[in-house]
Structures are given as C-alpha cells and as structure tokens.
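Thanks for coming, everyone. Please have a look at it first.

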Amino acid sequence: MKLPEPSEIVDDLEFLGDWESRYQYIIDLGKALPKLPEDARADELKVKGCQSDVWLLPSHQGDVMTFQVDSDAVIVRGLLALVMSAYNEKSPAEILQFDIDGFFKELDLERHISPTRGNGLRAIVGKIRELAATG
Amino acid sequence: MALDVQAIRAQFPILSREVNGKPLVYLDNAATTQKPQAMIDALVSFYTECNSNVHRGAHALSDESTRRYEHARDVVAGFIGAASREEVIWTSGTTESINIVSKGMAQRLQAGDEVLVTEMEHHANLVTWQQACKAAGARLLVVPILANGALDADAFVTMLSEKTAFVAMPQVSNALGTVNPVRSLIKEVRARSPRALVLIDGAQGVAHGGVKVADLDCDFYAFSGHKMFGPTGVGVLWGRRALLAEWPVWLTGGEMIAEVSYQDATWGALPHRLEAGTPHISGAVGLAAAIEWFQTLDVADVQAHEKALLDRAVALGSEFKGLRLVGAAPEKIGVFSFVIEGTHPADIGFILDKQGVAIRTGDHCAQPLMKRLGLPGTARASFSVYNTLDEVDALFTALAKARDMLV
C-alpha cells in the first residue's frame, strides 16, 4: 500500500471531526500497513513498549532509507503508518529535518508520541533519527 | 442490608469528574483505588494542623503527630486482627513488605531448602523469592494453576515437604481474580512442613474486607495502602511478634537503633527496629483514615456488592461475541480479565479510555503468568465498592464500540 503523504494525512484528519472517525482512520491505516513476516519479528528488532511491542527493520538503498515497522496493536500500527509517511524512503537529511513532534501536534495526536506513553512509538522515532544521524 | 452505593460514591470526589468529555467509569481498582474525602481530609488536616517529625517529642506538634501516627498503627492492628501493635511495620507498600521478608529469608535459607510460590504471582512476590533462592542456593518451586486459573491445590500439597522452608502466595490474583483458599492451604503447610514460614501477599485481598491474620494462620501478611483507599507510598508488613523481634534488620539508620557508637550499634525494639529513618507519617495517618472509613461499611454487604458486579460482568461477557474470559476459577473476586478475538488488549484499553472507561491492559506485572497462559496480556476491569451495575453495563457498551472499530 502506498501511504499518504504527511500533508494528505493532516488534511484527512482535519476533515474527520469526531474521535471515532479519526481513530477509525488511524485503525484503517494500521490494518493497511504491511506486516513484518513472523520470523522477521526478531528480538533484536523489538522495541519494547509497556502496553504493546513494536519492531523496526531498517535498510539502505543509496541515499534513501527504508524501514519496515510492525506492532501487535493496531492503533500503534496506525500511528507507525503516520511515522512511516514522514520517514520511509527519505534521505537521512530529510529525516533529520522533519519535525515529527510538530507533525503529531498538528494532528492533535501528540499524546501518543509523548515520553509518558509506553507504546514504543517514541523509541522508534528516536531509533530512526539515530540511524539517520549516523548514516 | 444492601449497600447504598450512591452514598458511597458521593464520598469519592474524583468519581464525579469527566474523562474525554464522558463521565468517568473507573474500573482499574486492582491497580489503585480512589480515595474517600475522609482520607483526603486526614492528609490535609495532618499537614495543616500538626505536621512535625515523630518520636522526637520536644514540642507539642511532635507529640501530636506522633500520637496520630501511632494511633494509625493501632487502627491497622485492629483492622487485620494483629495480636499486638508491635506486629505492624510501616513500609512503602507490598513490594517493600515482601522484600523485608525475602531479604531476611535469604540469610536464613540453606542450600537444599525449598521455597514455594505459585504460577499466578505478580513480580513483587516472585522476583523477591527467586532472588532470595539464588542468593542462598535454595530451590524455588512454582505451584501450577489449573486451566480455569484456580491454584492446583493437589499439586501444592504434593510439593510440600520437610525441605519446604518458605511458602509465599497471593490471597487474590491481581491478573485473574482467583481467590486462593489460603486458610486450608496453610493447614497443609503446617501438617507437612513444620519449619516452613508462610507469607500471604494481601495486595489484592485486603480491600475486600474481613482479613484476620490469626484466622489465616500465616506468619507474614503484606499489603499496600493505596489499593485500599489510602495514599500511595505507604504499606504494611504484619508478622508474628516472635519472628519480627529477631528478623534481620534490612535498613539501618535513625529511629531503629538503641545505642550507637562510632564503631557499633544495637537495635531498638519492635516495631521501630524494622523502620529506619523518618517514616511516611502522613501516609500512615491517611491509611488509618481510609481504614476507619472502610470500617463504617458492612463487610458482607461489600462482598455481596462486589460479587454482583463481577457476576454481571461475567454474564454480559459470556454473551459478548469474541470475548474470552481469562481466569474462571470458582472462587473469584474483583477482577474481570479478558481478551477479545482479533484485537490487542492495548487497543481495547485505548478505545475504552476515549469513552471515559478506565481499565488496565498488559501483562499486569505478571509476565511468567501471561506466558503460561499463552497471552501477550489481557484487558482487565477491576471493581471496587463504589462501582455500580450501570458502570458494568457502560463497560460493555464501550467494548461493543471498540470491537466494531477494531475488528
């Protein structure tokens, strides 16, 4: 599935007023996000959250970084899809430039990425940025 | 006589607030209970009127705070039926209470000794004993549970022997709600393992009322204040006086000593010998107020009401498509743990929260138990005396929406 661009997501979510349709949108993104094969869900790729686990499989193609991500919780998968729309198939410079906190704030979803939430999302973002910074 | 639940609710100010624009339905009582106004007032009164350190009575405030603090010990002693007030040790909570016992036992266990715990332990009553056994070269035996989440009492009995030095088990499982028949199990311990000491983890048991340590015939009983309407950061270790009087001191410093020189020290008398440093004075005072509030209720009424809540949840749960109850022991209290086919507990918890319904999701600090059950975790609604049947219905209305959105 081709993920929508960050700007499209912002528009879509703005259009969806109530929490139910907003989260239904995120859940549907989560369902559409390709799954990591079971055997790729290796422990060394796992970022442990308190409530749910997330996995990150990074790879490089020239100057373009690609990521496969997964979670056992579908809302987290939906939020990961948002993260992917920002980071996947981008250059390290683009990744480091992107204001992910601002993006989540604009979506009114900043609580999901705050350090107090144990869903592993913050850790994934940190890991991706670290990979981008070290090339 | 039935409980006047609305009158009880009126005493818990937090219950009238909204969450995400919806009336709060608080069903996370096994994690922590809400606080009655009487408890909040006791904290405010302590800090407003008599705040001072205890046992240093050179002035009036110190006398007063010491009196309130030691009165709190009397309240706890009466509540759990301790033989004397010196048997009540203040701690920071269940975890610290168990640590005092397990660290003491680590010094007393011999290689070849056996310690029994159960498969339903939360980490506080597992990691403590596992580490004590490692330190002493003793063996940790884990009593299995049956498929329905009840303890396998037959296995428990066969695992007891003369080698058994310690038995630690929960009165009520936090993840499953199973009520263990601790009284009859302890009878088996006494018959088969004459030197074994027994600790009951009362974290989930005490708030349902009616606990008398002498009836249980345990040697130690541990619980937290915040799970029974009191403040966080305060808890209790009850132990038999003869044991506590000789128990290895775990924390040294002020308050717990008799004589101190630069090179040596002797320990004071119970209860202070196990309570080094300035205690959580307001916490103790608050816990006593919470207990005194709880004692105005009839225990049989409380338990009947909690049973009605759980029965309603189980009945509605059995009709709810895709819901599987986790833990269906015949004796259960307070906890409705479940999974819904095709969903992750974290997603359920999140969608419920959007509707004002607070539950807990995850492994409930019992990772080996979840592994044993083959689950990543569960969603858990847990009930207290102030919950209503309407709130149980609200839980299922919220769950239906969650299922519609997620599946």
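What distance separates the centres of domain 1 of chain B and domain 2 of chain B, taken over C-alpha atoms? It's 28 Å. Keep in mind that this is a predicted model.

Let me set out those domains. In chain B, the domain assignment gives domain 1 as 5-31 + 299-406. Domain 2 covers 42-294. The two are in contact: 33 residues of domain 1 of chain B meet 28 residues of domain 2 of chain B.

Now, the core. The largest nonpolar core has 77 residues. B:Phe156, B:Tyr221 and B:Met228 have the most contacts inside it. Which helix gives the most to this core? That's α10 of chain B, residues 281-294, with ten residues. And where does the core lie? Both domain 1 and domain 2 of chain B give residues to it, so it lies between them. As a general point, nonpolar side chains in soluble globular proteins tend to be buried together.

Let's zoom in on B:Met228. Set aside its neighbours within four places in sequence. B:Met228 is then in contact with several residues, including B:Thr33, B:Phe79, B:Val206 and B:Phe223. Its contacts also include B:Leu287, B:Ala290, B:Ile291 and B:Phe294.

The largest pocket has a volume of about 550 Å³. Its lining has 28 residues. Closest to the centre are B:Val179, B:Gln303, B:Glu331, B:Lys332 and B:Ile333. What is the lining made of: how many nonpolar, polar and charged residues? There are 13 nonpolar, seven polar and eight charged.

Three elements of chain B give two or more residues to that lining: α7 (182-192), α8 (213-216) and α11 (299-319). The most come from α11(B), with six residues. Both domains of chain B take part here too: the lining draws at least three residues from each of domain 1 and domain 2.

Find it in the loop between β7 (164-170) and α7 of chain B. Is B:Asn180 buried or exposed? Its relative accessibility is 4%. The cut-off for buried is under 20%. So B:Asn180 counts as buried. Leaving out residues up to four places away in sequence, B:Asn180 touches B:Met120, B:Leu151, B:Pro170, B:Gln171 and B:Leu185.

That's my tour. Over to you.

Technical notes. Residues numbered from 1 in each chain as written. Chains lettered and ligands numbered in written order. Predicted model: local features only at pLDDT ≥ 70, side-chain atom pairs only at ≥ 80, totals over all residues. Heavy atoms only, no water. Core = buried A, V, L, I, M, F, W, Y, C linked by side-chain atoms within 4.5 Å. Buried < 20%, exposed > 50% of the residue type's maximum accessible area, 1.4 Å probe, protein only. Helix = DSSP H or I, 4+ residues; strand = E, 2+ residues; numbered from the N terminus. Domains from an automatic or database assignment. Contact = heavy atoms within 4.5 Å. 1 Å grid on protein atoms, 1.4 Å probe; cavity = no way out; pocket = protein on both sides within 12 Å on 5 of 7 lines; lining within 4 Å. Points joined across faces, edges and corners; volume = space filled by probe spheres on them. Nonpolar A, V, L, I, M, F, W, Y, C, P; charged D, E, K, R; others polar.
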